[in-house]
Amino acid sequence: MLEIGFVGLGNMGLPMAKNLVAAGHHVTGFDRVETAVAELVDAGGKGAVDVVDAVCNAEIVVTMLPAGRHVEEVYLGENGIVGALHDGCLLIDSSTIDVATARRVSDAATQKGFAMVDAPVSGGVGGAMAGTLTFMVGGADEAFARARPVLEVMGKNIFHAGASGNGQVAKICNNMLLGISMIGTCEAFLLGEKLGLDAQTFFDISSTASGQCWSMTSYCPAPGPVPASPANNDYQAGFTAAMMLKDLVLSQEAAQTATCETPMGARATALYQQMAEAGSDGLDFSGIMRMLRGTF
Ligand code: NAD
């Protein structure tokens, strides 16, 4: 039974915090949105009035915030987490943020004597509710070993990706590949269609041939072959194109810092940017099929 401070009770954070409560931990949560705090209290957690109140008695702090600037402010800003902690507290940031900020915040926390891991997730809101998230963790071995039992309450697959920031590296490289493969899958189905090949026939062939990939077999952007895919539900998200764009932009920032050429990543970023400019980034990211088809 651990004292856990949880900051960021949004679409992902609230169900994650509820799973920690359900596992018997004492969870004190804070979010700028009061109704989110109230929901945690209804589920058996404790509500905090600010960040300091949420973390001052914690043995472990978990954060689930939108972007790097929120993480930097919540950890290192005035009345931030790092100034309010007990000795020996372990910090887990599960937000998806840029690698440089993740490493900077972790360094600052470490200098103050606190262990910290970056532990971004994949699995979406469904995975957060079901406690089946995949965690990609960056940080020292000891910090990972301490974080693991807490992460196992919220997730099914827990990977140690290496040193601080490497969880974010794994996350953005994976999602850059996903964005690229989704667009490639859309293009293949569209070209096949224009040349007279129906989607189901192409799926049956390619899903057992060398074109096979997750974007095709689990999340097919052409309506029909995979009944549960958003393509069969008017491309309702799922994982929005806006979120895919956020992760692709992070990949391109990281590529620039690392002076690594990622031409396909750059093109995927530009195409999802175009989808956002068309006002369609609330659709599932597989909805880029519609843009490539020319229907918006
Ligand atoms: P969200 O916007 O629903 O939640 C973020 C929460 O942080 C909000 O409730 C907001 O009020 C709170 N917040 C922001 N600044 C704060 C502050 N200073 N103090 C307290 N609370 C503050 O976002 P989400 O969908 O829960 O995503 C969280 C993170 O997880 C993001 O980095 C996202 O990229 C990542 N992620 C999301 C999904 C998904 O499917 N939603 C999947 C994988 C990863």
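A: **The ligand site**

The ligand sits in the largest pocket, where sitting in a pocket requires more than half of the molecule's atoms to lie within 2 Å of its grid points, and a pocket is an open set of points, on a 1 Å grid over the protein atoms alone, where a 1.4 Å probe fits, with protein on both sides within 12 Å along at least five of seven lines. This is a predicted model, in which local features need pLDDT of at least 70 and side-chain atom pairs count only at pLDDT 80 or more, while totals for chains, interfaces and linings use all residues. Residues are numbered from 1 along each chain as its sequence is written, and side-chain values use heavy atoms, with hydrogens and water left out.

The elements giving two or more residues to the shell around the ligand are α4 (68–76), α6 (124–130) and α11 (241–257), helices being DSSP runs of H or I with at least four residues, numbered from the N terminus. The largest share, 3 residues, comes from α4. In total 24 residues surround the ligand, the closest being N11, M12, D31, P66 and K246, and a residue is counted if one of its heavy atoms lies within 4 Å. Because domain 1 (3–163) and domain 2 (169–293) both give residues to this shell, the ligand lies between them; the domain bounds come from an automatic or database assignment.

Turning to polar contacts (pairs of N or O atoms within 3.5 Å), an oxygen atom of the ligand is 2.8 Å from an N or O atom in the side chain of K246, and an oxygen atom of the ligand is 3.0 Å from a polar backbone atom of T96. A nitrogen atom of the ligand is 3.1 Å from an N or O atom in the side chain of R32.

How values were computed: A polar contact is a pair of N or O atoms within 3.5 Å; within protein, one must be able to donate a hydrogen and the other to accept it, and residues adjacent in sequence count only if both atoms are side-chain atoms. On a 1 Å grid over the protein atoms alone, a cavity is a set of points where a 1.4 Å probe fits but cannot get out, and a pocket is an open set with protein on both sides within 12 Å along at least five of seven lines; lining residues have an atom within 4 Å of a point.
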